[in-house]
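Biologist: I'd like to learn how to read contacts, rings and charges in a model like this one. Could you walk me through it?

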Amino acid sequence: MSQPPTRRHLLRLAAGTAAAAPLLHATPAAARTASTATTATAPLAGTPAHVPSAAAPAVAPAAVPATWAVHPFPLDQVTLGDGVFRRKRDLMLDYARTYPADRILAVFRANAGLDTRGARPPGGWETADGNLRGHYGGHFLTLVSQAYADTREAALKAKLDQLVAALGECQQALAEHGSPRPSHPGYLAAYPETQFILLESYTTYPTIWAPYYTCHKIMRGP
């Protein structure tokens, strides 16, 4: 009488059956291909399953001559050739030339209690009651300043002078009768100084947004 199979024998039999199962349902040609591929790709006994390839040699950085140095340069030393960048630049120059300065100044004049001359604010975040109002004016100052630095056009210089002079009038009006108080001499924004007080009292969004960001835009503009 034969001995009953041991547990080890049963485990070996189960493993062999599982490995052969895909071949049982394949066509004879596919079974031969799979069997050959399995035999060809199996690692030899006593050898590692994966041998890493040799690392690529490191490329040494190019030497930088000791006489080289980085220096700032003005915008009028940059010339754009014909292409998409020049066309986009020309569109922005047209925008700087034609966008009404009074629309940029509307939120500043309203905050200072001055006549807005019927101008509407640009819109978007730059509205009469928006908590970022004035920041667009800073961006526009940068645009006109850099456009003038590039082209030296008298019309752009005149627009820049108009903007700066009008903002100075707003600053003076705020010092004299800015409301609500406080409104210290030198303060300039398109909303009251109380926005900073609210921020530093930990007032949360959306009652307060980013007055220091807006202040930076205005100061960085020209």
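Biologist: Let's start with L163: which residues does L163 touch, not counting residues up to four places away in sequence?

Modeller: Contact here means heavy atoms within 4.5 Å. By that rule L163 touches A101, I104, L105, F140 and L141. Before we go on: this is a predicted model, where local features need pLDDT of at least 70 and side-chain atom pairs count only at pLDDT 80 or more, while totals for chains, interfaces and linings use all residues. Residues are numbered from 1 along each chain as its sequence is written, and side-chain values use heavy atoms, with hydrogens and water left out.

Biologist: And which residues of the largest nonpolar core touch the most other members?

Modeller: A nonpolar core is a set of buried Ala, Val, Leu, Ile, Met, Phe, Trp, Tyr and Cys residues joined through side-chain atoms within 4.5 Å. Buried means under 20% relative accessible area, exposed over 50%, and partly exposed in between, using a 1.4 Å probe and protein chains only. In this 30-residue core, F108, F140 and L163 touch the most other members. Two or more residues each come from α3, α4 (101-111), α5 (135-151) and α6 (154-177), and α6 gives the most, with eight. Those helices are DSSP runs (H or I, at least four residues), numbered from the N terminus.

Biologist: How do I read aromatic pairs?

Modeller: A pair of aromatic rings is described by the distance of the centres and the angle of the planes. Rings of Phe, Tyr and Trp (its six-membered ring) pair if their centres lie within 6.5 Å; planes under 30 degrees apart are stacked, over 60 edge-to-face, and the rest tilted. The whole structure has eight such pairs. Take Y95 and F140: centres 6.2 Å apart and planes at 75°, so that pair is edge-to-face. The two sit 45 residues apart, Y95 in helix α3 and F140 in helix α5.

Biologist: Is F140 buried or exposed?

Modeller: F140 is buried, at 2% relative accessible area, whereas Y95 is partly exposed at 28%.

Biologist: Last one: how many salt bridges are there?

Modeller: The rule is a side-chain nitrogen of Lys or Arg within 4 Å of a carboxyl oxygen of Asp or Glu. This structure holds seven. R152 and D76 meet at 3.9 Å, N to O, linking the loop between α5 and α6 to the loop between α2 (28-41) and α3. R109 and D102 meet at 2.8 Å, N to O; R109 is buried at 4%, while D102 is partly exposed at 22%.
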